[in-house]
Amino acid sequence: MSDDSWKHIQAADPEITCEHITSTLADPLEVRKSNTQPEMVELYYRLKIDPEKVRYVSVVVKKTNEGFFVSTAMTTTRIKDGELIFRK
């Protein structure tokens, strides 16, 4: 993950930690293709339970000619539509 990506993640959703991203990629609940860019973007989801709310951590991974990279990450209340690649 680039420094720019990490700065973007922290600015948009400061509760996301590197551990959230690492654990979501290592052990996702679901992986889906993006509806808008299905050949380039995969969305990884993992359940995150806080005392006050149930949310998902979503990690957006982009595919390029050079490989894969984390584009952004955030918390969300639902899993987006998109072709299912993997479900735990």
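# Close-up views of a predicted protein chain

The protein chain exposes about 5600 Å², and carbon and sulfur atoms supply 51% of that area (accessible areas come from the Shrake-Rupley method with a 1.4 Å probe, and for residues only the protein chains shown count as cover). This is a predicted model, in which local features need pLDDT of at least 70 and side-chain atom pairs count only at pLDDT 80 or more, while totals for chains, interfaces and linings use all residues. Residues are numbered from 1 along each chain as its sequence is written, and side-chain values use heavy atoms, with hydrogens and water left out.

**View 1. The whole chain.** Welcome to the overall picture: the protein chain has two helices and five strands (helices, H or I of at least four residues, and strands, E of at least two, are DSSP runs numbered from the N terminus). Along the sequence they come in the pattern α-α-β-β-β-β-β. The C-alpha atoms fill a box of roughly 40 × 30 × 20 Å, taken along the principal axes. The radius of gyration of the protein chain is 12 Å, which agrees with the value near 12 Å for a compact globule of 88 residues (the radius is taken over C-alpha atoms, and the globule rule is 2.2 Å times the number of residues to the power 0.38). Of the 88 residues, 40% are buried (buried means under 20% relative accessible area, exposed over 50%, and partly exposed in between, with a 1.4 Å probe and protein chains only). Among contacts with a separation of 6 or more, 43% are between residues 24 or more positions apart (contact means heavy atoms within 4.5 Å).

**View 2. The largest nonpolar core.** Which residues make up the largest nonpolar core? Ten do: I9, I16, I21, V31, Y44, V57, V59, V61, V70 and A73 (a nonpolar core is a set of buried Ala, Val, Leu, Ile, Met, Phe, Trp, Tyr and Cys residues joined through side-chain atoms within 4.5 Å). Strands β3 and β4 each supply at least two residues of this core, and β3 gives the most, with three. Take V70 as a guide: leaving aside its neighbours within four places in sequence, V70 is in contact with M1, S5, I9, I21, L25, V59 and V60. A second, separate core has six residues, including V41, Y45, Y56 and V60.

**View 3. The buried residues of helix α2.** In α2, the residues H20, I21, S23 and T24 are buried. An α-helix has 3.6 residues a turn, so residues three or four places apart point the same way. The buried residues of α2 pack against α1 (3-12), β2, β3 and β4 (67-76).

**View 4. Salt bridges at the end of the chain.** Side chains of opposite charge can pair when their charged atoms come close. The whole structure holds five salt bridges (a salt bridge is a side-chain nitrogen of Lys or Arg within 4 Å of a carboxyl oxygen of Asp or Glu). In one of them, the side chains of D27 and K88 meet at 2.8 Å, N to O. This pair links distant parts of the chain, 61 residues apart: D27 is in the loop between α2 (18-26) and β1 (30-33), and K88 is in the segment after β5 (84-87). D27 counts as partly exposed because its relative accessibility is 32%, whereas K88 is exposed, with a relative accessible area of 59%. Salt bridges link D27, R46 and K88 in a network. Setting aside neighbours within four places in sequence, K88 is in contact with D27, P28 and L29. The C-alpha atoms of K88 and K7 are separated by 30 Å, with the two residues 81 residues apart along the chain.

View 5. Where do we find E42 and K63, a pair that links distant parts of the chain? These two form a salt bridge with their closest N and O atoms 3.6 Å apart; E42 is in strand β2 and K63 in strand β3 (residues 54-64), 21 residues apart. E42 counts as buried at 12% relative accessibility, while K63 is partly exposed at 23%. R32 also forms a salt bridge, with E30, and here the closest N and O atoms are 2.8 Å apart. Both R32 and E30 are buried.

View 6. L47, I49 and V54 make a nonpolar surface patch of about 290 Å² (patches are made of residues with over 30% relative accessible area and no salt bridge, where like charges are joined within 9 Å and nonpolar side chains, Val, Leu, Ile, Met, Phe, Trp and Tyr, within 5 Å). I49 has its place in strand β2 (residues 41-49). Is I49 buried or exposed? I49 is exposed, because its relative accessible area is 60%.
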